[in-house]
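Dear colleague,

Please find below the structure for your review. My notes on what was found in it follow directly after.

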Amino acid sequence: MWKVANSEFPLIVKALQERWKQVAAFATLLGLIADALTLLAPIALWLMITAMAAAILAAVIAGCRPPRAAGCRAVLAHAIIIAPMSGGLHFAHISSGEQERGFFDAMTGQLGDLKEAAARIEQSQQHTLKGQQHILDILQSQHSDTSPIFRQGQESAITAAVTGAAAGNQRMAAALDHLNRGDITAARALFEKEAEAQKADAETRNHQAAAAFRHLGAITGPADPMRALTAYKQAVALDPDNVQGLVYAGDFAFDSGDLAYAHEKFRRAVDLTPAADLSYDRYWALIRLGDIAALEKDNARARQHFDAASAIAFQRGEQSPDDLEWQRELSVIHNRIGAIQLAGRDYEGALTSYRQGLSLARKLVDQSANTHWQRDLSISHERVGDTLRALRKLDAALESYGSSLIIADNLARSRPDHLQWQHDLSVIHNKIGATLLAKGNLDGALAAYEQGVTIRKGLVDKQPTHLQWQRDLSINNAYLGSVLARKGDRVRARKAFEEARDIMIMLLARFPANQKWQQAERLYDRQVRALEK
């Protein structure tokens, strides 16, 4: 199935078609010559016999009847000329015509073989394309919420694997077979071996080795984000000027909570691309730089990055109005700008931006059952709820959060192994808990926070090195502890704050300079000591 690289098919088929035309024309000419000789040969034989008979008869008459000798000699002269010519034509057919006919038959057979080969190659091309699409569909079903740039990485990984298999790489051929059967774990192990093999020869083939690690990251993906991050970091170390590699590494670092590394890679990706570049790489790097600035409370710088990204999205949207992915990015931009407005206490402006994003997200979901877009719609409902809660419109906020929860819960139930969707669900439960707490509903808030803690403990158990999820679990325990303290359950409250504090101590052991974590650890420790009295 993976014997010929997809990119070689058009050239092979075109070459066969051109050779077919040339050889067919030559073979047709030979066939006409052979046919002509075959048709003329019997006539030539009879002419030769007739000429020889006429010559003998003319010689006899000339000897017997001298008065007629002159006329007989003329017949004899013509017979002597015609007989050798006719004989020559006949023997040409015997000695050459049959050879021409045999050669023509052989050429016809070869032409048939060439035509069958071209048909087999075209059929193989269609089969291979279907095989690649089948693998991509399997990967999409595993990571259906991934961004377009990540899906592009998956396509690149599969194409590279097909090319390698065609060149005789048995490891890549086996990996493709595993992927085709849906065994991503086995395929990932082979991609990892391939990446390590490429790394061993990195002095002369750094680019190829980096590409192999990017492919490993793409195949691993959100199912194992820390392993994917490790692969992308290897790729960046081997090829530090590859923009896609920088964006991939930065994105997974951002999600893991390593903002310093993420900022460095996104900044370099932007610096390596010209200002007029409208690529998704530059667009997403700008979005993430804005996200980091927003987390650092630098709203002016965040807005600057979002505006630059917005310009790219609007231009691409105008150039390709039917491209739903870029229409989706316009929704993303509205949500990012809404976040800046919300942070700046421009609540009405934020609500307008979020509702614009919600409207676009809803239109996309109406056109497709794409789970990536369903998640976007859930997040848009959540953002509207955030703004309504800030405006103290708590019932309206709960309604928006409820709409978000329905979508997030459906996605999480459809794929219990999809860690990002599980995390999304925990976020919604916590925001519902905060809103119920603001309404004075302690029991409802406690139930929501407990669901959030349960989900996040599961995430940390599966990915213990994921810094962001460790931090989230710490905060979730603190929320839980606060509600328990207000309900008078000091024992459980103290235990919740102890767990929150201990996680922060563990995180600070790795990142001792993180001031926010230092402040959180001190706050949680004070709560523990207060509850011990």
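What covers the buried residues of helix 17? The cover includes helix 16 (419–438) and helix 18 (467–486). Helices here (H or I, at least four residues) and strands (E, at least two) are DSSP runs, numbered from the N terminus. Buried means under 20% relative accessible area, exposed over 50%, and partly exposed in between (1.4 Å probe, protein chains only).

Two remarks on the basis of these notes are needed. This is a predicted model, in which local features need pLDDT of at least 70 and side-chain atom pairs count only at pLDDT 80 or more, while totals for chains, interfaces and linings use all residues. Residues are numbered from 1 along each chain as its sequence is written, and side-chain values use heavy atoms, with hydrogens and water left out.

Overall picture

The chain has 20 helices and zero strands. Of its 533 residues, 47% are buried. Among contacts (heavy atoms within 4.5 Å) with a separation of 6 or more, 64% are between residues 24 or more positions apart. The chain exposes about 26100 Å², of which carbon and sulfur atoms supply 56%; accessible areas come from the Shrake-Rupley method with a 1.4 Å probe, and for residues only the protein chains shown count as cover.

Helix 17

Helix 17 comprises 21 residues (442–462). The expected span of a helix is 1.5 Å times one less than its number of residues. For helix 17 this gives 30 Å, and the end C-alpha atoms are 30 Å apart, which agrees. Its buried residues are Gly444, Ala445, Leu446, Ala448, Tyr449, Gly452, Val453, Ile455, Arg456, Leu459 and Val460. An α-helix has 3.6 residues a turn, so residues three or four places apart point the same way.

A cavity is a set of points, on a 1 Å grid over the protein atoms alone, where a 1.4 Å probe fits but cannot get out; lining residues have an atom within 4 Å of a point. Grid points are joined across faces, edges and corners, and a volume is the space filled by probe spheres set on the points. By this rule there is one cavity of 30 Å³ or more, and the largest cavity has a volume of about 50 Å³. Its lining consists of Arg375, Ser378, Ile379, Glu382, Ser404, Ala408, Leu411, Asp424 and Ile428. Helix 14, helix 15 (394–414) and helix 16 each supply at least two of the lining residues, with the largest share, four residues, coming from helix 14. The lining divides into four nonpolar, two polar and three charged residues; Ala, Val, Leu, Ile, Met, Phe, Trp, Tyr, Cys and Pro count as nonpolar, Asp, Glu, Lys and Arg as charged, and the others, Gly among them, as polar.

Glu382 lies in helix 14 (residues 371–390) and counts as buried because its relative accessibility is 8%. Beyond its neighbours within four places in sequence, Glu382 is in contact with Tyr401, Ser404, Val427, Ile428 and Lys431.

Lys297, which is not a glycine, has a positive phi of about 65°. Lys297 is in the loop between helix 10 (280–295) and helix 11 (299–319) and is exposed, with a relative accessible area of 68%. Arg345 has a positive phi near 65°; Arg345 lies in the loop between helix 12 (324–343) and helix 13 (347–367) and is exposed at 64%.

Ala294, in helix 10, counts as partly exposed at 26% relative accessibility. Ala294 and Arg336 are 42 residues apart in sequence and 9.3 Å apart in space, C-alpha to C-alpha.

With kind regards

Key:
On a 1 Å grid over the protein atoms alone, a cavity is a set of points where a 1.4 Å probe fits but cannot get out, and a pocket is an open set with protein on both sides within 12 Å along at least five of seven lines; lining residues have an atom within 4 Å of a point.
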